[in-house]
Amino acid sequence: MLTTPDFAEITADADISNARHGNRAKCLQRLVRLELPVPLTVALSADTVRSIAKGKMPDMEALTGIFGKGSLLSVRSSSQMPDWGGPGTILNIGMTDAVAEELARTHGRDAADALYMNFIRTYAVDVLRLDGDLFSGTMTPRLAKTYFEDEAEEPFPQSIEAQLTEVLRSMARAWEGTTARLLRQAQGAPEDAGLGLVVQRMALGIGQGISGSGVVQFVSPATGEPQITGRYLPQGQGRAALSEDKAQFIESDNRGPALEDSAPEAVAALREAGSLMRQRLREEMQIEFTLMNGTLQILDAVKCPRSARAEVAIAVALASEKIIPREEALTRIPPFTLNQMLHRQVNPEAKRDVLTRGIAAAPGAATGRIVFSAGAAQSAAAQGESCILVRRETSPEDIRGMHAAQAILTERGGMTSHAAVIARGLGLPCVTGASHLQLDARKKTLTVAGRKVFHEGEIITVDGSSGEVLVGAPALIEPALGGAFATLLHWADEFRDIGIRCNADTKEDVEAVRAFGVDGIGLCRTEHMFFDPIRLTVMREMIFAEGPEDRIAALKRLLPMQRADFTELFKLMEGKPVCIRLFDPPLHEFLPGDRDGIRALAEALDLPVSRVATRIEALQEFNPMLGMRGVRLGITVPEIYEMQARAIFEATVAASKGRDPVVPEIMIPLVSAMREVELVKARIDGVASAVKSESNVDFAYRLGVMVETPRAALRAAEIAEHSAFLSFGTNDLTQMTYGLSRDDAGRFMSAYVTQGVFHEDPFHRLDVEGVGELLRLGTERARAAKPGIILSICGEHGGQPDTIAFARDAGHDYVSCSPYRVPVAKLAAAQLAVKASMVKSD
């Protein structure tokens, strides 16, 4: 065994490490330790590769001398993490005129010329970056060498040392290039990540007996279920078997010839090797192999490619068979991987005709006909047609249409715009901020520069996982929520140490999330219950009421509707906590903004159009986000909150009959002062007393505050004195801390992130420095004033792993997120708990 500061032969006891030599080198050493037939291999450290990039070469004669005279070599990249990539493999280094002649003698002229020609092409194009067109098509090695000499202005090198020098230099410099650096940083690699290289003796795969190359794995890449998957190419090299039409199956197959038909002992040896790797390497591996006159050589083994579904199935299977512990199975799955299992996805093999791109606001994919209004979406749903709701931006008035659509596409908005938030709650794919779209609602057309005009009724596909809008209907893959997925979530529940609730406004939301299992509802936005057409009319009558008596009369008609909603939610949640946020948005959001809508409302209310228009104009605000909404509306128009409180308490009595008592949680939105809480609390306590007296039933309830303003966070101590809980609404808290509208920030956010103004979009990932400081202050002050107070985060950030980490560190009791974020949140919470326990044990 030869070891130098620059390189080391890979043997069972060589000093090879992942940190210095990379993942591939370390894996090959493990294969050697398993006594598998691995060709002679040498590892170059990352430091050596850095030196090569700077022009300092190792001792090339010593390096090639390890392999002996006449050997052909391959060079593969070996980054520290497989996902970081690296330059492509170079085969057959050492092919010279003399070697080609010897191969012609032993293997035939055609085989020798083919190998030589392929190497000349690879060396010229991939190593020296010469014009690829010169070496395309069929030609002899002699002609190719002539082209090479003309282009490179030097003869084709005839020594293995010269060839290997250029290969190593090319790969080292490629790793240091800007494109490679950006690509690996996108995969989480540090800026100074190094690259190792492995030099290996070639197992040609060309011979007189059974010879060839292949790639095999023993689970399905789509499902993770046991299945031999791969191809074998007789008289082939490298991974060519995966792309050649002449490639054979591995095991016997009715569809065509297979390696097992001619070499059953080789396939048996591969099965044994795969099983051994699974047990000892604790992973499902993809094996690259060659056969030389029937003799098996294993060139490489990497973690097998897999879909999200397969990733989960493999981890669960390994843990179920006690090959790895459950804790490790949980930590192997990146949380957002689960998004791909919860929704339909575009088949990776499908052709994608990209119309435009926007922000990937809600995962999944859906195909349907274009519609431009909520009404059109509802009409399409009534006829059983799939549709995509396309809007400049959505508003609460579009809720029914959003329920009816299969996906949502908006020209404006970002990750926390109205469309994005509602889509994630409904489990609908959504792309927002598609600013290259040009919508014409009157003509009912959608245009992208350079493409044809799309009319209402034409078919498009929204891919909310990638942010792309596709023309037509590519093939989709259905979600898979049973089996291994359910098992993984069950294990996550066993290990997590923070509560996970969901944001749910309707029975459909609750039914969607029950399969995932939640600890309760952390945010029920009651305003979404009012957009049913019947309720909307009554709501508008209440808004147009002349005085308190008329307003109360209209609210009495809404009362049984709200009571029925809450009763159903309480029953569906089966005793788990339900946190109901009182009415939040400004009243003008329930009123039409266009001429046709105003005329229709005037007819419904039997009022003159001018009076309706005047009333609507009077309700308009310069900045509705900071205007008459939330608790401000509850104090100035108290009848609304009194009606809602009565509906909640009457539903509590109804839902508790014959069941465990329901303890509702009532949350006051947009609080900024203690006195606001005192005023609302007094009225709600009064309503509770009245319902108890009328029903002759005693019940408990908890009243809390949604902390959405910076002042509420700063004054959390005094607010906590009158509250059973505080829930930090990070959507509005982020808006108010930054002074940004989440619906408009998408127009410039990309430029801000690119230029380093913000590290990330603060509406997508919680700003732990700025907004986080307010959260910490609010948490500390509330806990100091009232140690037993319940604290949580209920904004859209709640489903983000880094937000959950923040909440755990701050000592919050739970986070609440959109229904389809629940599995991601559960897994992230479990991973944090597992890692914390590992740190403690160390």
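This is a predicted model: local features need pLDDT of at least 70, side-chain atom pairs count only at pLDDT 80 or more; totals for chains, interfaces and linings use all residues.

Trainee: Why does threonine 445 count as buried?

Mentor: Threonine 445 has 10% relative accessibility, and the cut-off is under 20%, so threonine 445 counts as buried. Threonine 445 is found in strand β18, residues 445-448; strands are DSSP runs of E with at least two residues, helices are runs of H or I with at least four, and both are numbered from the N terminus.

Trainee: Which residues is threonine 445 in contact with, leaving aside neighbours within four places in sequence?

Mentor: Contact means heavy atoms within 4.5 Å. On that basis threonine 445 is in contact with Phe372, Gln438, Leu439, Asp440, Val453, Phe454 and His455.

Trainee: And why is threonine 165 called buried?

Mentor: Its relative accessible area is 14%, so threonine 165 is buried. Threonine 165 lies in helix α8 and touches Met57 and Met60, not counting residues up to four places away in sequence.

Trainee: How much of the whole chain counts as buried?

Mentor: 54% of the 842 residues. The chain's secondary structure comes to 33 helices and 30 strands.

Trainee: What makes the rings of phenylalanine 119 and phenylalanine 156 a pair, and of which kind?

Mentor: Rings of Phe, Tyr and Trp (its six-membered ring) pair if their centres lie within 6.5 Å; planes under 30 degrees apart are stacked, over 60 edge-to-face, and the rest tilted. Here the centres are 6.0 Å apart and the planes at 85°, so the pair is edge-to-face. Phenylalanine 119 is in helix α6 and phenylalanine 156 in the loop between α7 and α8, 37 residues apart. Both phenylalanine 119 and phenylalanine 156 are buried. Ring pairs also link Tyr116, Phe119, Tyr123, Phe148 and Phe156 into a cluster.

Trainee: What about phenylalanine 516 and tyrosine 820: why is that pair described as tying parts together?

Mentor: The ring centres of phenylalanine 516 and tyrosine 820 are 5.9 Å apart with planes at 75°, so this pair is edge-to-face. Phenylalanine 516 lies in the loop between α19 and β24, and tyrosine 820 in the loop between β30 and α33, so the pair ties together parts 304 residues apart in sequence.

Trainee: How do you know that arginine 184 lies over the face of tryptophan 175?

Mentor: A charge sits over a ring if NZ of Lys or CZ of Arg is within 6 Å of the ring centre and within 35 degrees of the ring normal. Arginine 184 is at 3.9 Å from the ring centre of tryptophan 175. Likewise, the charged end of lysine 452 sits over the ring of phenylalanine 454, 4.9 Å from its centre.

Trainee: Last one: why are α19 and α21 called roughly parallel?

Mentor: Angles under 35 degrees count as roughly parallel, over 145 as roughly antiparallel, 65 to 115 as roughly perpendicular and the rest as oblique. Helices α19 and α21 pack at about 10°, and are therefore roughly parallel.

Technical notes. Residues are numbered from 1 along each chain as its sequence is written. Side-chain values use heavy atoms; hydrogens and water are left out. Axes are lines fitted to C-alpha atoms, for helices over the stretch in contact, and angles run from 0 to 180 degrees between N-to-C directions. Buried means under 20% relative accessible area, exposed over 50%, partly exposed in between (1.4 Å probe, protein chains only).
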